[in-house]
Amino acid sequence: MSEPPTDRPWTAHRERRDALRWVVLGLCGLALAALAVQLDARLGTASAPFLGRYKIRVGPGSVLAPLVAAAVLWSASQTHRRQRSWRKIQLFGYIAGLTWAIALALVDGWSGLTKALGSPEEYLGDVRRVGADPLAYLRHFTADAPAHSVASRGHPPGPVLFLWLADQIGVDNHVLLGFLITALSALTIPLVLSAVRDSVGEAAARRYLPVLVLAPYAIWVAVSLDGLVATLGAAAIVAGLRASRTKVRGLKATGWALTAGLLTGIAALFSYSAPWLGLSIVFIYFARRRAFLNVVTGIGALAPVLTAQLLGFSWADGLVTAETDYASRVAPYRSVLWWSAISVVVLLLATGPAIVASARKVRNTAAWPFLVGAGAAVVFSIAAGLARGGVEHAWLPFFPWLTVAAVAPEKPGGELPPTPLLLTAVGAALAIVVEALLITPW
């Protein structure tokens, strides 16, 4: 499976232009964020465009992360990589992505895997409230919202119950728990690769691997429970793709469609924004002319949410409570106008230069349902005034889908471009620099 030999100089020129455009846009965005800080705008942080604080650090990851990036880029440039089986490609992507995320976290030493878990504003502090009766915790979750941690107030009870379950099975060491969360979050990589392969072919998926593995947003993957939402959402999309394959009909299609719905519903119990990923599944069924599968997937998605309601937790009431808390705790202190613009800057930086190439070629790929679903979530979040800091981790479930078109042809039906190594390398370099300068709250 070889990369196309034609038009390489022209394609390389396009890639350099995309990288340059991204650099220019990124510098303009950083200048905007700096201006907002200098004007003392209502940002709620002095570290815009991100949340946290700036301090130069050097740790094990300062050496390990560049080595991992170099190894992935070298492997992606080798012709023998294209001879590996698909399963080996997925395994390599998972291991490399997991190593990359951990390497970045280790710039802070072991605390890079534990600091978020120990923060009083995060979920782990609420695990003791579950005690020996998780059903009682579910029943009183919305009513007791003011007593919850900041993170729990803005989410359904799924994250706390996941940490409670981990504690029940003996995973109570913070380093081990941090590794477990990161390892589960990294499963997004082989799942997204599988989705890309199913929609636009294996050649494109192989080219997308380094872009996905070395994405700058890996900074926020380690120990982020939003990474679990990304994994659940990716698994749901893969199931939807399996259900709608041309040769898959009858009970098999129904089973996959139901699985897609169940996974979407479970993701919704971890994040109120997760249902937006279901929009990608709807568009997949639309593109493949399998409209009836929407009914099956919809039933599957409602099952976990209605089950939780029968057990005492109303998802709709929880959403209203979270919005009320956000309106009183965050909105008055963070300007919607400034953060709407700065959140776009965060999107640009977190996804790296591949976002520019993807935006330019979005009409040239059959993977457009992924971009439309994830893009709609981002646009709604900004338009609704909900993107007021912290989108670098809140949008983790959407980032991997927004850069899919980076490996699309330059024109519809054209030949695939070579692996975008320059765009990947620039994005990886940014991640290393940001991790060395920014101390994130997570």
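1. Helix α10 is largely enclosed by the rest of the structure, because 10 of its 13 residues are buried (buried means under 20% relative accessible area, with a 1.4 Å probe and protein chains only). Those buried residues are Thr188, Ile189, Pro190, Val192, Leu193, Ser194, Ala195, Val196, Asp198 and Ser199. Helices here are DSSP runs of H or I, at least four residues long, numbered from the N terminus.

2. A word on what we're looking at: this is a predicted model, where local features need pLDDT of at least 70, side-chain atom pairs count only at pLDDT 80 or more, and totals for chains, interfaces and linings use all residues. Residues are numbered from 1 along each chain as its sequence is written, and side-chain values use heavy atoms, with hydrogens and water left out.

3. Back to α10, residues 188–200: from first C-alpha to last it reaches 18 Å, close to the 18 Å expected at 1.5 Å a residue (the expected span is 1.5 Å times one less than the number of residues). Gly201 follows α10, and its phi is positive, near 105 degrees. The cover over the buried residues includes α3 (86–105), α9 (174–185), α11 (202–213), α12 (226–243), α19 and α21 (399–402).

4. α10 also turns up at the largest cavity, where α3, α10, α11 and α12 each supply at least two lining residues. On a 1 Å grid over the protein atoms alone, a cavity is a set of points where a 1.4 Å probe fits but cannot get out, a pocket is an open set with protein on both sides within 12 Å along at least five of seven lines, and lining residues have an atom within 4 Å of a point. The volume of this cavity is about 180 Å³ (the space filled by probe spheres set on the points, which are joined across faces, edges and corners). Of its 16 lining residues, Ser185, Thr188, Ile189, Tyr217 and Val221 are the closest to the centre.

5. Now the largest pocket: about 1,300 Å³ of space, with 44 lining residues, of which Gly154, His155, Tyr326, His393 and Ala394 lie nearest the centre. α16 gives the most to this lining, with five residues.

6. The second largest pocket has a volume of about 260 Å³. It is lined by 13 residues, and Leu347, Ile355, Ser358, Ala359 and Leu402 are the closest to its centre. α17 (336–351), α18 (354–360) and α19 each give two or more residues to this lining.

Note on methods
Buried < 20%, exposed > 50% of the residue type's maximum accessible area, 1.4 Å probe, protein only. Contact = heavy atoms within 4.5 Å.
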